[in-house]
Amino acid sequence: MTDDLVINFQDQGNLFNFLRDLPVLLTVEEAQLLYRLAQRSLAAGVIVEIGSFRGGSAIILAKGVAEGNGNKVYAIDPLPLLEKKLLIKENLKKAGVADRVELIFQKSETVVRNWNKPISLLWIDGSKDYDNPKLDFLAWEKFLIKGGVIAFHDSRQSINVAPNSGRLIPGFVGTERVVKKYLIDSPRFIKIRFIDSITFAKKIKNPGWREIFSRWSFLNRIKIKRKIEKFDQLLGRLGQWLEKKSPSVYRLIKKIKP
Ligand SMILES: C[S@@+](CC[C@H](N)C(=O)[O-])C[C@H]1O[C@@H](n2cnc3c(N)ncnc32)[C@H](O)[C@@H]1O
């Protein structure tokens, strides 16, 4: 772990000035990504955030979308204590985005029951166990429009941002499992990409040949990697067998093939 991984929003100039006094649970690169995704989100849908805490990412999304189509951000988080609820309201107000963010102090699974708005950007950053992100994906994904983007935070167990420090530490297994099982396997998502601990992807409904190819090539790389591993294992086993049966031939082959 090195100090250059510590978040320093102060160094980001005006872009992230509004985050100075907040505990932001994102790296600078993740924050920049969210800002861009919000800025480019499609006008046909709203932005939904699951898990808001003190409002760090909601503020980034609101600032981004203000530069784009001007739609609303729906920030969903039960935040049980009154004090916490007041804090997020205060932070949104300070950042000048209180009008753009609709706070919903309920669990995502409760909110989705009566949800009916199309979504252009779905940002999942709630509980980090397996069941919650799974439920969030399965329940909310149907509202994501064609061309909309889904993004999961803390989705790579090797990388995570430690609260209040911005340091990268070993992350959460649950969200990574959900991403592998549901997002990567879903034929409705293409252009699956990673920035630090965020996995994001674009939704399609009727894939054209370009999309099929890009998905195919992404998955193909994984398949090829698996095949290579299997092949290596097989070669290893063959080598062991040959070494026992005919050590002289084995030594000769080893000489020819470094
Ligand atoms: C990591 S924090 C979110 C950080 C925030 N997105 C940011 O970048 O500043 C996770 C939040 O998810 C909330 N949460 C947990 N379970 C939830 C659920 N079922 N629905 C909505 N929010 C949930 C927690 O209350 C907590 O505030």
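This is a predicted model: local features need pLDDT of at least 70, side-chain atom pairs count only at pLDDT 80 or more; totals for chains, interfaces and linings use all residues.
Seven strands form an open sheet with mixed pairing, in the order E3-E2-E1-E4-E5-E9-E8. Its edge strands are E3 (101–104) and E8 (189–195), each of which pairs on one side only. On average, and with direction ignored, neighbouring strands of this sheet are turned by 15° against each other. Strands of a sheet pair through backbone hydrogen bonds, in either a parallel or an antiparallel way. Strand E2 (residues 73–76) and E3 run parallel and are joined by four bridges. In this pair, Val73 stands opposite Val101 in E3.

Helix H5 (residues 131–140) packs with helix H6 (residues 173–183) at an angle of about 35°, and their axes are 8 Å apart. The crossing in which H5 passes H6 is right-handed. The residues that make the contact are listed by helix below.

| Helix | Residues in the contact |
|---|---|
| H5 | Pro133, Lys134, Phe137 |
| H6 | Gly174, Thr175, Val178, Tyr182 |

The residues of the contact of H5 with H6 comprise four nonpolar, two polar and one charged.

Conventions: Residues are numbered from 1 along each chain as its sequence is written. Axes are lines fitted to C-alpha atoms, for helices over the stretch in contact, and angles run from 0 to 180 degrees between N-to-C directions. Helices (H or I, at least four residues) and strands (E, at least two) are DSSP runs, numbered from the N terminus. A crossing is left-handed if the near helix is turned anticlockwise from the far one by less than a right angle, and right-handed if clockwise. Two residues are in contact if their C-beta atoms, placed from the backbone, lie within 7 Å. Ala, Val, Leu, Ile, Met, Phe, Trp, Tyr, Cys and Pro count as nonpolar, Asp, Glu, Lys and Arg as charged, and the others, Gly among them, as polar. Two strands pair if DSSP finds at least two bridges between them.
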